[in-house]
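Subject: Structure for your files

Hello,

Here is the structure I said I would send.

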There are 2 protein chains.
Amino acid sequence: MRTQHEIGTRERIVRTTSRLMQRQGYEATGLKQISLEARATLGSVYHFFPGGKRELAIEAVRHGDREFADFLRTVFDQEDDPAAAMLACTRDLATGLRESGWLDGCPVTTTALESAGREPEIQQAAEAAYENWRALVRDKLTRSGFAPDVAHDLAHSVINLLEGAELSAQVSQSEAPLVIAGRHLARLVDSYR
Amino acid sequence: MRTQHEIGTRERIVRTTSRLMQRQGYEATGLKQISLEARATLGSVYHFFPGGKRELAIEAVRHGDREFADFLRTVFDQEDDPAAAMLACTRDLATGLRESGWLDGCPVTTTALESAGREPEIQQAAEAAYENWRALVRDKLTRSGFAPDVAHDLAHSVINLLEGAELSAQVSQSEAPLVIAGRHLARLVDSYR
DNA sequence: TCATCACTAGAACGAACGCTCTATCGAGAG
DNA sequence: CTCTCGATAGAGCGTTCGTTCTAGTGATGA
């Protein structure tokens with residue numbers, strides 16, 4: 001019998017897949033590597049995920065979705081002012097990225113790009129993730145008194161600039177893109193007050 | 001002898017590789033597929049690119065670099081006002097993306113993300129591309145009277161938001177992220193006048 | 001005419017891929 | 001105890017991968 005607090009095999013496989021695909025992408029991540037690093041056998045992998053690699057990728061994207069959503073919620077709870085929240089957001093992202101040796105970027109983007117137009121189910125999971133994150137930003141802004149349509153548009157560019165800046169920071173191995181993005185997002189948000 | 005205006009085998013291979021990796025990424029693009037679609041044999045591919053797939057990817061990224069740089073130059077030449085240029089830029093990107101069936105996103109990003117931290121030479125080529133594009137935006141802004149440090153920072157966020165919005169537009173198969181990004185970039189640029 | 005050499009051509013190699021298959025394990029039910 | 005069945009285990013399937021290799025082509029210059 002499995003006690004409740006220990007991590008089950010299924011969850012271990014999902015987390016490992018998410019981390020590996022975050023770093024290497026969908027195609028470069030093999031099932032052998034997943035089963036090895038998750039300390040599970042191929043039999044276990046196909047037992048929990050009969051849909052194979054595709055199903056595994058979908059679950060990994062959803063895991064990354066929840067992961068980044070938790071990050072956003074934490075930052076937004078700590079910073080009351082939206083502009084200050086933007087700065088805190090990019091600062092924490094930059095720190096995390098640097099501490100991982102510039103390896104752990106967005107847990108969804110790489111897989112999403114690889115599967116765009118080729119794996120509709122994975123693409124849909126990624127789209128749901130982006131929309132989920134936008135909703136968190138939108139709610140933060142409307143709760144701070146911004147008009148719904150302004151908040152809607154801002155949410156798009158906030159998430160998109162975070163994505164682009166993190167990608168740029170990862171490729172250039174520098175915190176600068178994220179730091180600059182934070183300042184510009186704060187300025188942009190403030191310009192709608 | 002080869003006349004000057006016809007496209008040589010080498011150039012045909014580079015263009016095909018660039019287009020395929022733009023759509024499918026680095027790992028999912030096979031040399032067999034490249035040689036087939038470029039109407040070249042594997043022997044020709046390895047004759048021109050002894051470094052194999054890695055060298056081919058580097059050349060493909062550089063090709064994408066020149067391609068997007070030409071696009072930026074064209075837009076910047078047509079629109080004198082920087083804010084108007086931002087709007088034209090996102091509009092044209094959205095149109096091109098839609099017309100390709102949401103397949104042709106940034107020709108560098110996918111390959112860059114897949115190789116981040118694993119293929120230093122490809123990553124460096126991608127970094128050079130981003131820096132090249134930023135320089136074009138920077139020059140456009142300084143020529144319009146913006147202070148150097150302001151232009152430097154804006155160039156970062158312009159390119160990064162373009163990247164993020166195009167990625168988002170591709171995944172959601174919608175022009176909205178790019179259209180919104182154009183408005184926000186114009187507003188942000190104007191706020192520094 | 002003949003040697004040269006950039007280029008084309010594609011068979012073949014070992015390795016790795018996603019996936020299937022059968023066998024086994026082990027805790028709870030009867 | 002035996003039966004059941006979710007879970008574990010890993011050998012092996014056919015295929016495709018990147019790469020290597022040898023052979024052949026055809027225009028060029030001596």
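The notes below cover a helix pair, the nonpolar core and the contact between the chains.

Please keep in mind that this is a predicted model.

Helix pair. In chain A, helix α8 (residues 148–172) and helix α9 (residues 176–190) have axes that come within 8 Å and cross at roughly 165°. Angles over 145 degrees count as roughly antiparallel, so α8(A) is roughly antiparallel to α9(A). The crossing of α8(A) with α9(A) is right-handed. On the α8(A) side the contact is made by A:L154, A:V158, A:L161, A:L162, A:A165, A:E166, A:S168, A:A169 and A:S172, and on the α9(A) side by A:P177, A:L178, A:A181, A:L185 and A:V189. Sorted by class, this contact has 11 nonpolar, two polar and one charged residues.

Core. The largest nonpolar core has 112 residues. Those with the most contacts inside that core are A:V61, A:A126 and A:V158, along with B:V61, B:A126 and B:V158. A:V158 is also among the α8(A) residues that touch α9(A). Leaving out residues up to four places away in sequence, B:A126 touches B:V61, B:V108, B:T111 and B:A112, and also A:V171 from the other chain.

Chain contact. Chain A gives 39 residues to the contact and chain B gives 40 residues. On the chain A side, the elements that give two or more residues are α1 (9–24), α6 (109–115), α7 (120–143), α8 and α9. The largest share, 13 residues, comes from α8(A). By class, the side of chain A that touches chain B has 16 nonpolar, 15 polar and eight charged residues.

Regards

Note on methods
Residues numbered from 1 in each chain as written. Chains lettered and ligands numbered in written order. Predicted model: local features only at pLDDT ≥ 70, side-chain atom pairs only at ≥ 80, totals over all residues. Axes fitted to C-alpha atoms, helices over the stretch in contact; angles between N-to-C directions. Helix = DSSP H or I, 4+ residues; strand = E, 2+ residues; numbered from the N terminus. Parallel < 35°, antiparallel > 145°, perpendicular 65-115°, else oblique. Left-handed = near helix turned anticlockwise from the far one by under 90°. Contact = placed C-beta atoms within 7 Å. Nonpolar A, V, L, I, M, F, W, Y, C, P; charged D, E, K, R; others polar. Core = buried A, V, L, I, M, F, W, Y, C linked by C-beta atoms within 7 Å. Buried ≥ 20, exposed ≤ 12 C-beta atoms within 10 Å, placed from the backbone.
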